[in-house]
Amino acid sequence: MNRTDDRLLPVLLICAQAVVWPGAALLRGSVPSASALLVAALVAGPVTAALALRRARPVATLVLVAAACAVGAGPLPTGAMAVLGTAGVALALFTVATERDTFTAVLCVVALVAWQLLQGLSLHGLSDRNGLDLVLTALLYAVACGAGLLVRRTSRARQTAELLLKRAETERHRLPAVERRRMERELHDVSAHHLTAVVVTAGAALGLRDRRPELAAEALEFAVGTGREVTRALGAVRAPAPSREDLPSPEDRLLDLVAGFRRLDQQVDCEIDPLPDGAVADAAYGIVREALTNVARHAPGAQTTVRCRYGDTRTDVVVTSAAPPEGSTAHGAGLGGGRGQGFLRSRAREAGGTLHSGPTADGGWEVRAVLPGRTAAPAERSVPRSYRVAQLTAAVGLVLQPLLPVLVIRTETASSSSHVSAGVLFALLAAAQAVALLWLRRAPRPAYGVLLGLALLWPVAMAVGDYSGPVVLPPALSMLATCAALAAEAARKAAPRKGRGPVSICGSAAGRDQPPRTRSVTTALRAERIAAVVVHTAALTVAVLDRGTTVPAWAVAVSATAGASLAVGAAWWGGILRGRRDLAARGAHEEQLATWTGEAVRDAWAERRRIAAGLETTVLARTADMVAQAEAGRLDATAERAREALAAMRALLDAVREGEGETGPELRPQPTLQALDLLAHQSRATGREVEIRLTDRVPEHLPTAVDLAAYHAAETVLAAGGEEPAVLELDVHDGTLTLTATGVPGAARPAVRERLAARVAALGGTLTNDRPGTVCLRLPLAAAPESEESAR
């Protein structure tokens, strides 16, 4: 909602209030007094202004609106504050739920309802009418708060999905560069340590050939061994094992960073959790480096603590420095450009987090960043316990405020009648239904049974409390709770999680083709709806007949059945539509994530193959030639081939640097199992732990069709979504490649199983899914030649 809407809604509320009062009074010919109009204007002005600024200070706005409406309702006629006192307060409460945390929203609802209850008791007790008004008001506040929390949760889910996609998009451009740097470093090491050693050794042997002829044989033997080592090392560079970690981990990078500052006589202690490589790790590294640099500039020698905590929902990066020791001189205080704090905040913001810095109580400085955790959820600022205590204290103070007049003013003696009003009974039943709804997700069947049982008690409360208001209103209130439960259940079944496949929730004849478990679930869901209709029909019929009516009983029952069926059906299909919408959104998100992951892996694989092609045609060919010349005993030719291989290696390094980003569609081959390390790296960068395990029985070269099918099966399994750590194990036994994936509940979905089955069927393999979250594929290595193209 934009700022125009923020200003428009309060204006609409004021217009609606003006229509209710004094508009309705003027139409009846009753002209309000000037004093009443003045009081109404004095109340409506601050309320409208506060509601227009409600997003900046939602809690203060709620307190101001509630207090102003309560004060204005005293001297004004009935209805003068009806719209502002209900819709205005509900709007402010909705804003609190969307802009603040759940604890604050629930505390505001409870405090507001308790405040109004105590205010009513202190003024005129609790009559039937007032009790029902309290129930309706509490229901309105609960709906406003629940709607706000739902909007906030939906917004956070959307932000989480966007952040996860942002991570994947960042890694899509980052992974090829990481792979290029890795291979460039490995090629440099090979050229520096192996080929250079051959050139130097051969040259020395040639120079001393007359005086020390035995050096020639040693040089030739060294050239053969080194040439074979170069061939092996370059083969590892071209296709590293999936379990191999080539780059330093983020934890090691941070530890090396701290060690470097310790060598500068900085006293730094650190507590660092392992981080997955990616945008969060890069942001944490940059924040720690900038913070430690600032300490070295402005407070050299100060005791500093670096803490990095990686959790499910957030990553905390804290750098705290004490006051600089006496006598220390900040030689680098004027070296900075004054943009360090801006860089820190931009790094945290780009990673989806927040950063705050400032002085500490002991004269030091603290930098505290909150970044996303492994679930990629947007980071929320932590709330100190002292702030929660202050919230509770303020809430209790506001709630007890209506009791102050009772302590000062002697009220009239209350009636000693033992009769319990219907309003009290309705409030208790509504509270019991609210508790049942809170337990709906954890224990759906018992909670649903409790809701149906409580629905039958509302007609009893009407009779016991001598309720004389609208007869349909109390049963309708009880039906709202049941409809909310049915809508939640329908949404949960329409958009299953944790890998459970969707079940039929329409009760159609297609259920005959479903497995026994699915048919039993479908039958249970249909029974829940029927039970809801029967129970609420009975409650409404009893309530109407008990009040007395001239309408025949059968007509009342038919009307009640139609109304209950309509309400239950609307709630059920509303939940289904919401669940399907969530399922479609989640599927689109997972598809986009899988697409970007695949593109990142293919781009990185293209970089690897581009460099590998240069190795095969230049360096490896000359290295093989060098080995052949050395085995033939030709020292001069061996030295010459070694120089040529070294020159080719350096030329290849120059070509790697110059050819960055020039991979086109024709240079993006299909990855094989040798690219699983890239796939695991990309998954870890987006916050999911993935481990690849290959046994020694897996050969380096597999049949092309099997190699491609196994890689694409692993890609499909990981792209199915999920937050659990995943493990992919590959083994070869009796001529069959076995791929076992654990921690992949999404692989049980029908669409994923169809794609996996198609991969397996093309090679005559098998697919099993005996345990939840585990899938096993068996591919025979002796695949038919015609299946090779289909595996692509």
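Start by selecting Arg641, which is partly exposed, with a relative accessible area of 21%. Here buried means under 20% relative accessible area, exposed means over 50%, and partly exposed lies in between (1.4 Å probe, protein chains only). Glu644 and Arg641 form a salt bridge, with the closest N and O atoms 3.7 Å apart. A salt bridge is a side-chain nitrogen of Lys or Arg within 4 Å of a carboxyl oxygen of Asp or Glu. The two residues are about one helical turn apart because they are 3 residues apart in helix H18 (residues 635-658). Helices (H or I, at least four residues) and strands (E, at least two) are DSSP runs, numbered from the N terminus.

A note before moving on: this is a predicted model, where local features need pLDDT of at least 70, side-chain atom pairs count only at pLDDT 80 or more, and totals for chains, interfaces and linings use all residues. Residues are numbered from 1 along each chain as its sequence is written, and side-chain values use heavy atoms, with hydrogens and water left out.

How many salt bridges does a search of the whole structure find? The search finds 14. Select Arg228 and Glu631 for one of them: the closest N and O atoms are 2.7 Å apart. This pair links distant parts of the chain, with Arg228 in helix H7 (residues 214-238) and Glu631 in helix H17 (residues 553-631), 403 residues apart. Arg228 is exposed, at a relative accessible area of 51%.

Next, select Glu366 and Arg368. They form a salt bridge, with the closest N and O atoms 3.5 Å apart. Glu366 counts as partly exposed at 22% relative accessibility. Arg368 counts as partly exposed too, at 31%.

**The sheet from E1 to E5**

5 strands form an open sheet in the order E1-E2-E3-E5-E4, and the pairing is mixed. Two strands pair if DSSP finds at least two bridges between them. Select the edges: strand E1 (268-272) and strand E4 (354-359) each pair on one side only. Neighbouring strands here are turned by 5° against each other on average, direction ignored. Axes are lines fitted to C-alpha atoms, for helices over the stretch in contact, and angles run from 0 to 180 degrees between N-to-C directions.

Zoom in on strand E2 (residues 304-310) and strand E3 (residues 314-321). They run antiparallel and are joined by 7 bridges. Pick Val306: its bridge partner in E3 is Val319. Then bring in helix H9 (residues 279-298), which packs on the sheet. H9 touches E1, E2, E3, E4 and strand E5 (365-372), contact meaning heavy atoms within 4.5 Å. The direction of H9 makes about 10° with that of E3.

**The sheet from E6 to E10**

Move along the chain. An open sheet of 5 strands has the order E6-E7-E8-E10-E9, with mixed pairing. Its edge strands are strand E6 (690-694) and strand E9 (766-768), each pairing on one side only. Neighbouring strands of this sheet are turned by 15° against each other on average, direction ignored.

Which way do E6 and strand E7 (residues 726-733) pair, parallel or antiparallel? The sense is parallel, over 5 bridges. Select Val690 and look for Ala726, its bridge partner in E7. Helix H19 (residues 676-685) packs on this sheet, touching E6 and E7; its direction makes about 160° with that of E6.

Most residues other than glycine have a negative phi, and most peptide bonds are trans. Select Asp734, in the loop between E7 and strand E8 (736-742). Asp734 is not a glycine, yet has a positive phi of about 55°. It is exposed, with a relative accessible area of 68%.

Then jump to Trp21 and Pro22. A cis peptide bond joins them, with omega about 15°. Pro22 lies in helix H1 (residues 3-27).

**Last stop: a surface patch**

Switch to a surface view and select Val59, Val63 and Leu398. They form a nonpolar patch on the surface, with about 200 Å² of accessible area together. Patches are made of residues with over 30% relative accessible area and no salt bridge; like charges are joined within 9 Å, nonpolar side chains (Val, Leu, Ile, Met, Phe, Trp, Tyr) within 5 Å. Accessible areas come from the Shrake-Rupley method with a 1.4 Å probe; for residues, only the protein chains shown count as cover. Leu398 sits in helix H11 (residues 385-400) and is partly exposed, at 43% relative accessible area.
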